[in-house]
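Please keep the sequence and the model in view while reading.

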Amino acid sequence: MEHPIRIMAPAAALLVSGVLTAGCAAPEPLPEVTQGARPTSAPSTAEPQASKDAKAAAPSGASLGGPGTACALPVSFALAEKWKAEAVEDPENPEFAALTRQGPATVRCEVDAKPAGHIGYLRVWTAGKGPARAALEGFMKAEEKATAVTYRETKAGALPATEVTYTVANELVGDPKDERAFAVSTPKGTVIVHLGGLDTAEHRAMLPAYELAKSTAKAL
């Protein structure tokens, strides 16, 4: 099992490897009020087109979260074909808190997209018991470079969920990149599933895997 500092490193290493793609456009917002700003129009109940297109696109591979899977979690969900999950070793170690903690959440699992031909991860975080929205907002407050932060209430499988889309500064590329996450509350604690990516183009290419995880989530 790799050390947490090694688990978290590949995405940063790939940023300087020269494997860069174009297309860092503004994210397609989720329909609700953007944090820290007034909405320019009335909130819509429609889903972003990118999410609609992604939902049926990812072939299902292994599952994650249940007994015998790579990571023990309060929820289970399906992984996209060829994506590889690995538990983060010793995430409670304070020596690695800068890598393994974000706000109230601790990272437990990384699902690597490289075997499927993408540059990025799904990262699964857990927090204490409580509302999913509160945990997700705390998670986002710790992301100091986030802009255009937009929340909406949705479903993850049959579970009530809160989802956020936002952009973060991509200092090596020079343009902001899209990221998103959803959170669900369970009797065993809150789970946050986050999708980043090398850049916006990679993020959007990986949306089908994210949507598969969201649509198949079940509390354990």
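The points below move from the chain as a whole to its cores, its side-chain pairs and some individual residues.

The structure is a predicted model. Its protein chain has seven helices and eleven strands. Of the 220 residues in the protein chain, 48% are buried.

**Chain as a whole**

- The protein chain exposes about 10200 Å², and carbon and sulfur atoms supply 56% of that area.
- Among contacts between residues at least 6 apart in sequence, 59% join residues at least 24 apart.

**Nonpolar cores**

- In soluble globular proteins, nonpolar side chains tend to be buried together.
- The largest nonpolar core holds 31 residues, and the members that touch the most other members are L64, F77, W83, L122, V124 and V184.
- Leaving aside residues up to four places away in sequence, V184 touches V75, A132, A156, L159, P160, A161, G189, T190 and V191.

**Aromatic pairs and a charge over a ring**

- A search of the whole structure finds two aromatic pairs.
- W125 and F139 form an edge-to-face pair, with 5.2 Å from centre to centre and 70° between the planes.
- Because W125 lies in strand β6 and F139 in helix α5 (residues 132-141), this pair ties together parts that are 14 residues apart in sequence.
- Both W125 and F139 are buried.
- F182 and Y210 also form an edge-to-face pair, with 5.6 Å from centre to centre and 70° between the planes.
- This pair ties together parts that are 28 residues apart in sequence, because F182 lies in strand β9 and Y210 in helix α7.
- Both F182 and Y210 are buried.
- The charged end of R123 sits over the ring of Y121, at 4.7 Å from the ring centre.

**Disulfide**

- A search of the whole structure finds one disulfide.
- The disulfide joins C71 to C109, with an S to S distance of 1.9 Å.
- The link of C71 and C109 is right-handed, with 70° about the S-S bond.
- C71 lies in the loop between β1 (60-64) and β2, while C109 lies in strand β5, so the pair ties together parts that are 38 residues apart in sequence.
- C71 has a relative accessibility of 2% and therefore counts as buried, the cut-off being under 20%.
- C109 is buried as well, with a relative accessible area of 0%.

**Helix α7**

- Eight of the nine residues of α7 are buried, so this helix is largely enclosed by the rest of the structure.
- The buried residues of α7 are L207, P208, A209, Y210, E211, L212, A213 and K214.
- One of these, Y210, is the residue that pairs with F182.

**Individual residues**

- K82 is found in the loop between β2 and β3.
- K82 has a positive phi of about 80°, although it is not a glycine.
- At 57% relative accessibility, K82 counts as exposed, since the cut-off for that class is over 50%.
- D90 lies in the loop between β3 and α4 (97-100).
- D90 has a positive phi of about 50°, and it is not a glycine either.
- D90 counts as partly exposed, at 42% relative accessibility.
- E153 is found in strand β7 (residues 146-156).
- E153 is partly exposed, with a relative accessible area of 46%.
- The C-alpha atoms of E153 and A132 are separated by 9.9 Å, and these residues are 21 apart along the chain.

Technical notes: Residues numbered from 1 in each chain as written. Heavy atoms only, no water. Core = buried A, V, L, I, M, F, W, Y, C linked by side-chain atoms within 4.5 Å. Buried < 20%, exposed > 50% of the residue type's maximum accessible area, 1.4 Å probe, protein only. Contact = heavy atoms within 4.5 Å. Helix = DSSP H or I, 4+ residues; strand = E, 2+ residues; numbered from the N terminus. Areas by Shrake-Rupley, 256 points an atom, 1.4 Å probe, with all protein chains shown as cover. Phe/Tyr/Trp six-rings, centres within 6.5 Å; stacked < 30°, edge-to-face > 60°. Lys NZ or Arg CZ within 6 Å of the ring centre and 35° of its normal. Disulfide = S-S within 2.5 Å.
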